[in-house]
Amino acid sequence: MKAFSERNPLTLAIVGISVLVLAFLITFNVDRLPVIGSGQVYHAKFGEAAGIKPGDEVRVAGVKVGKVSDVTLDGTQVDVAFRVKDAWIGDETTAAIKIKSLLGQKFLSLDPMGREELDPDDAIAMSRTTTPYDVTDAFGDLS
């Protein structure tokens, strides 16, 4: 067996850098790992995005249970993908985009209902989602 000082320094440097890069990638993508990640991904369809964005909180009964992971346009609807951990989401769950602060920060509020658990491949339909009434629209209605 070779002594540590007799080993190839180039090989040691490559292995060391590879381990550091792998640790870095795992650290910053831990939410996406299936076993220790941050929960199951679900989708909800909305008529408008209402200012919600990736990273915003997902709450059930005021308790944070996850976060919004993506907001995309799906035809004439907005698809909001979100992760939920340690919370039951039923097949008749309703979702609402609500205002969190006076500065306009939003969160996704879920009201879990139904008898069966929601299949992650089935989105919460637009008929069971609502968006907040915007202050700009309110001022426009006054005129």
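Which residue stands opposite Val78 in β4? In this predicted model, the residue opposite Val78 is Leu73, and the two strands concerned, β3 (residues 63-74) and β4 (residues 77-84), pair in the antiparallel sense over eight bridges. They belong to an open sheet of seven strands, in which the pairing is mixed.

- The seven strands follow one another across the open sheet in the order β1-β4-β3-β2-β6-β5-β7.
- The edges of this sheet are formed by β1 and by β7 (129-130), each of which pairs on one side only.

**Two hairpins that involve β3**
- Strands β2 and β3 pair in the antiparallel sense over four bridges, and within this pairing Val58 has Gly66 in β3 as its bridge partner.
- The hairpin formed by β2 and β3 has two residues between the strands, and in its turn Ala61 has a positive phi of about 55 degrees.
- The hairpin of β3 and β4 has two residues between its strands, and here Gly75 takes a positive phi near 70 degrees.

**Asp56 and its surroundings**
- Asp56 lies in the loop that runs between β1 (40-46) and β2 (57-60).
- With a relative accessible area of 4%, Asp56 is counted as buried, because that value falls under the 20% cut-off for a buried residue.
- The side chain of Asp56 reaches the backbone nitrogen of Lys53 at 3.0 Å, a distance that lies within the 3.5 Å limit for a polar contact.
- When neighbours within four places in sequence are left aside, the residues in contact with Asp56 are Gly51, Gly66, Lys67, Val68 and Lys106.

- Ile17, Val21, Phe24 and Leu25 together make a nonpolar surface patch of about 390 Å².
- One of these residues, Phe24, is found in helix α1, which covers residues 9-28.

How values were computed
Residues are numbered from 1 along each chain as its sequence is written. This is a predicted model: local features need pLDDT of at least 70, side-chain atom pairs count only at pLDDT 80 or more; totals for chains, interfaces and linings use all residues. Side-chain values use heavy atoms; hydrogens and water are left out. Buried means under 20% relative accessible area, exposed over 50%, partly exposed in between (1.4 Å probe, protein chains only). A polar contact is a pair of N or O atoms within 3.5 Å; within protein, one must be able to donate a hydrogen and the other to accept it, and residues adjacent in sequence count only if both atoms are side-chain atoms. Contact means heavy atoms within 4.5 Å. Two strands pair if DSSP finds at least two bridges between them. Patches are made of residues with over 30% relative accessible area and no salt bridge: like charges are joined within 9 Å, nonpolar side chains (Val, Leu, Ile, Met, Phe, Trp, Tyr) within 5 Å. Accessible areas come from the Shrake-Rupley method with a 1.4 Å probe; for residues, only the protein chains shown count as cover. A salt bridge is a side-chain nitrogen of Lys or Arg within 4 Å of a carboxyl oxygen of Asp or Glu.
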